[in-house]
Amino acid sequence: MADITIIILTFNEELHISRVLESVRPIARKVIVVDSHSTDRTVEIAQEFGAQILQHSFVNQARQFQWAVDNARIETAWVMRIDADEYLTDGLIEEIQSRLSTLDSAISGITLKRRVHFMGKWIRYGGAYPVKLLRIWKNGHAMIEQRWMDEHMVLIRGEMIEFGNDFIDENLNNLTWWVNKHNHYATREAVELLNLKYHFMHQGKSSDIGMFTKQASQKKWVKNNLYSNMPLFVRSFFYFLFRFWLKLGFLDGRKGLIWHFLQGFWYRFLVDAKIYQIVWLSKKYNKSIDTVIKEEFNLHLDQY
């Protein structure tokens, strides 16, 4: 067992919670489940595994996770973030057990490779693998970027290394659930992209926060400097072509086609449609962008 605390955010995750808790059991000294008042058996199952339960109303992922870090009274040397629909491979469990206690004292963060499974298939192409994320860090040495969407953990001191084994992201809900989830995500993504242009929320520069993974830094640069400046709707079309053909997404087969089309085209087209609607309503009623967002989507935007 490693000297590590695992933090899991949940809301109605009875379909996944046993799997992730069983996965982290061999490495976790402590597991903290921060629940958003689930109405299913999520909390009951987590308690059966011996997890500590904290309840906190959900605003967004970034706020919820930072609240967890600030209020969970973490006493272990290391902290790990994992989502309820994720789990560790056997190789990663063994790697954490064997390497974590032997790392050089200068190392404060560990990036892990995420492997997405969709409809039971590993999505290998189209840029879906590997996604490298900071998921393990020394207690007090990282914080979460405060964004409405696409937030990352950032290292605020020390050095970062990468482990060789993967963790798996595999949501077991059906496609209707997936579509509804991404509809909500699209609203948050629209807010982020609108803010790049209209600056109605203050957010510090990434360089002012800490160290991102190299991959995350590159993606943020492309999003902020290239993708956000392309014409609405056109960019989603070209992004899908880039993923599906140039990044070889077609090699993922029929299930891969569904994944890349929905996640790489439909979702991003929906984001642009919401942006278009918000800007249109703003002009029609002579209201500010943030006012329209609050009224149309019931999002109470905090000034970060």
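Mentor: Start with Phe11, in the loop between β1 (4–10) and α1 (17–24). Keep in mind that this is a predicted model.

Trainee: Why is Phe11 called partly exposed?

Mentor: Its relative accessibility is 45%. Buried means under 20%, exposed over 50%, and partly exposed lies in between. So Phe11 counts as partly exposed.

Trainee: Which residues does Phe11 contact, leaving aside its neighbours within four places in sequence?

Mentor: Asp35, Ser36, His37 and Ser38. The cut-off is heavy atoms within 4.5 Å.

Trainee: What makes α5 roughly antiparallel to α10?

Mentor: Helix α5 (residues 175–198) and helix α10 (residues 289–297) pack at an angle of about 170°. Their axes are 11 Å apart. Angles over 145 degrees count as roughly antiparallel, so α5 is roughly antiparallel to α10.

Trainee: Which residues make that contact?

Mentor: From α5, Thr187, Val191, Leu194 and Tyr198. From α10, Ile289, Ile293 and Phe297. They divide into six nonpolar, one polar and no charged.

Trainee: How many cavities of 30 Å³ or more does a search of the whole structure find?

Mentor: One. The largest cavity has a volume of about 30 Å³.

Trainee: What makes it a cavity and not a pocket?

Mentor: In a cavity a 1.4 Å probe fits but cannot get out, whereas a pocket is open. Arg147, Asp150, Lys220, Lys223 and Asn224 line the largest cavity.

Trainee: How does that lining divide by residue class?

Mentor: No nonpolar, one polar and four charged. Asp, Lys and Arg count as charged.

Definitions and conventions:
Residues are numbered from 1 along each chain as its sequence is written. This is a predicted model: local features need pLDDT of at least 70, side-chain atom pairs count only at pLDDT 80 or more; totals for chains, interfaces and linings use all residues. Side-chain values use heavy atoms; hydrogens and water are left out. On a 1 Å grid over the protein atoms alone, a cavity is a set of points where a 1.4 Å probe fits but cannot get out, and a pocket is an open set with protein on both sides within 12 Å along at least five of seven lines; lining residues have an atom within 4 Å of a point. Grid points are joined across faces, edges and corners, and a volume is the space filled by probe spheres set on the points. Helices (H or I, at least four residues) and strands (E, at least two) are DSSP runs, numbered from the N terminus. Buried means under 20% relative accessible area, exposed over 50%, partly exposed in between (1.4 Å probe, protein chains only). Axes are lines fitted to C-alpha atoms, for helices over the stretch in contact, and angles run from 0 to 180 degrees between N-to-C directions. Angles under 35 degrees count as roughly parallel, over 145 as roughly antiparallel, 65 to 115 as roughly perpendicular and the rest as oblique.
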